[in-house]
Amino acid sequence: MIITEDKYLCFSDSWRLRVEGGHAILFSYDPEVLVWHPLPKEMTAGLLLMDGKKTVNEVKQILLFLFDDLPEEHIKELMESLLTLSSNEQNPNHIVGYSDIPFSKTHRYKLEAVLKQMQNFTQEEYDKVESGLLLSPLNLTIIPTDKCFTDCIYCYSQRKGANPEDILPVERWFEIIDEASELGIELAVLTGGDPMAYPHIIPLLEKLLSKGFLFVVPSKSYISSELAKAMADIGMKNAWNQVSIDAISDNIAEKMVGVKNYAKSAFESIQNMTNAGLNVRANCVMTPINFSETVELVRKLDKLGVKKISIAGYGRSYYRHNDNLFLSDEQMEQINNSIALIKNQLSAEISCNISRRDYSNASVEKRTEEWEERAKCASVEKRTEEWEERAKCSGGRSSMVITPTGKVTLCEQMPCEDEFVAGNLSHQSIMEVWNSHRIKLLMAPPIEKFKGTVCEKCEEFDICMNNYGYCFRDALFTYNTVYSPPPNCPKAPMGIRLQ
């Protein structure tokens, strides 16, 4: 992306800022990928000067004035970093918009107020955020109920069935949302079970909306025209409503979710919601059973007014799994190629990059040999490209999961058993759990727990645990214990196929 110095710049409303630990936390909302960046004051100033009324050159000149102790080359690099960040491939929503003429509106933040806030921090807080540990959660995954109206063959929920006496009353959920808002938390994902199966879902959604939360509500429930109107009336036009639908024909959809006439019900729900002016996105899981209907399904969803469509391949779950549901390489290629061909013909934003995550092919000896060969040419800090670019675990670092009983876990796909529970919001506050010794032990267990594994003598153990956060979910799924390396680690034993 090349932006000349006469272009006008504007910080996008799809991104937000939160100040903590001497940083401005820049983040956007996507229920599939939580993207955030800690920005120093120079980059924050540059971003907030992009108010839609100033050109690239004007922003640069003001930065040179504000930070006159920095060389001009540094300011130039800073500007290039901001503009490069705006085209992050993980999130297509640009951080900075640009135009030949001034923008009609500006962003919501005041430069002076934000920079003043950034002055209040301790060195400990600064170092903590710099390492990727936020002072309070950025995102809450809310599970109001474990009930569901379908029985999907790819379900990853434990669906254990909580004791009714232990279920959080809706009033306690309101208190949790109030606390979260006071902490500056703005993001939430509702999941389950099916959130729309929760008897108090409308008041819960209304509460989230009243506090300015950005969130998505995924559901396979039937949404009548009356319910869609009620949702629109409380402000759900400002949130994402997600329908999960995997096939266009009822017989195949029934095989996928275990409910007769599901496709018809889902398409009617979508039509009712779009008629009510709600923003609808769709999630589609592909297996050998339904992959042949992918293109036809996407075209139908686009025609119904769905704005975002996410297409994913079947992935292994902890509670139910069938190897026969994995897509073959040929099927994955067919889906990806087919969607690429029609993508530009549709109004909806399509996300489809299905790939294999398979760790069952390479032997331990081969993986170790490859690692040692790479290590000869690289320092400890410079990991192999794939490993170095791995996603950081957000559990306990930027997000937490709240179950129907108030128990807190670090990943919604992990069993809600005592050994994986960080606390309980039925009687604790968010920050009591967030700052607890228990949550620290879960997200970064001591090295003694990994006795007998390759982690025990790994020179990168501390970096892996504290700076990245290892994927304990993948470790559990693959080796049946969280005290092992995740299977994508170059030193890990031979694993299994996960997707």
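**Two helices in contact**

Tutor: The crossing of helix 11 and helix 12 is right-handed. Right-handed means that the near helix is turned clockwise from the far one by less than a right angle. Helices here are DSSP runs of H or I with at least four residues, and strands are runs of E with at least two, numbered from the N terminus. This is a predicted model: local features need pLDDT of at least 70, side-chain atom pairs count only at pLDDT 80 or more, and totals for chains, interfaces and linings use all residues. Residues are numbered from 1 along each chain as its sequence is written, and side-chain values use heavy atoms, without hydrogens and water.

Two packed helices are described by the angle and the distance between their axes. Helix 11 spans residues 294-303, and helix 12 spans residues 329-342. Their axes come within 10 Å and cross at roughly 35°. Each axis is a line fitted to C-alpha atoms over the stretch in contact, and angles run from 0 to 180 degrees between N-to-C directions.

Now the residues. Helix 11 brings Thr294, Val295, Val298 and Arg299 to the contact. Helix 12 answers with Ile335, Ser338, Ile339 and Ile342. Contact means heavy atoms within 4.5 Å. By class, the contact has 5 nonpolar, 2 polar and 1 charged residues. Nonpolar covers Ala, Val, Leu, Ile, Met, Phe, Trp, Tyr, Cys and Pro; charged covers Asp, Glu, Lys and Arg; the others, Gly among them, count as polar.

Next, a strand pair. Strand 12 (residues 308-313) pairs with strand 13 in the parallel sense over 4 bridges. Pairing requires at least two bridges found by DSSP. Serine 310 stands opposite serine 351 in strand 13.
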